[in-house]
Amino acid sequence: MKINNFNELLKILRCPDCRSLKIQEGFKTFICTDCKRNFEITDNKIIKMRPKNELPYPEIYNNQDYLKWKKVSSEAMLDYFEKGNRLFYIIILIIKT
Ligand SMILES: [Zn+2]
């Protein structure tokens with residue numbers, strides 16, 4: 001779907017907090033008319049419409065096997081970039097100094 005202007009976009013936006021479809025354009029903001037929340041528009045094209053409260057992470061993020069895999073994977077990536085690839089090693093040395 002190609003969006004040509006904000007008016008078309010307003011037809012499909014939904015407030016991430018109260019789920020209302022009543023979103024209006026303000027001055028460099030979109031405003032939910034139900035819960036009165038403002039959503040900033042930066043660079044005239046980026047709309048910050050994140051929910052007020054963070055969503056909980058999926059259960060997998062608390063799984064011990066996943067956490068172990070994540071740690072090993074992270075160490076392997078660091079080894080690869082720092083020791084296995086000369087170009088990245090030089091870049092990392094430059095960044096660290
Ligand atoms: Zn709302």
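Guide: Helix α2 (residues 64–84) packs with helix α3 (residues 86–96) at an angle of about 90°, and their axes are 6 Å apart. Helices here are DSSP runs of H or I with at least four residues, strands are runs of E with at least two, and both are numbered from the N terminus. The axes are lines fitted to C-alpha atoms, for helices over the stretch in contact, and angles run from 0 to 180 degrees between N-to-C directions. The angle makes α2 roughly perpendicular to α3, a term that covers 65 to 115 degrees.

This is a predicted model, in which local features need pLDDT of at least 70 and side-chain atom pairs count only at pLDDT 80 or more, while totals for chains, interfaces and linings use all residues. Residues are numbered from 1 along each chain as its sequence is written.

On the α2 side, the contact involves F81, E82 and K83, which meet F88, Y89 and I92 in α3. Contact means that the C-beta atoms, placed from the backbone, lie within 7 Å. Sorted by class, this contact has four nonpolar residues, two charged and no polar ones. Nonpolar covers Ala, Val, Leu, Ile, Met, Phe, Trp, Tyr, Cys and Pro; charged covers Asp, Glu, Lys and Arg; the others, Gly among them, are polar.

As for the chain, its domain assignment gives domain 1 (6–47) and domain 2 (59–96), with bounds from an automatic or database assignment. Taken over C-alpha atoms, the centres of domain 1 and domain 2 are 39 Å apart.

Notes. Parallel < 35°, antiparallel > 145°, perpendicular 65-115°, else oblique. Contact = placed C-beta atoms within 7 Å.
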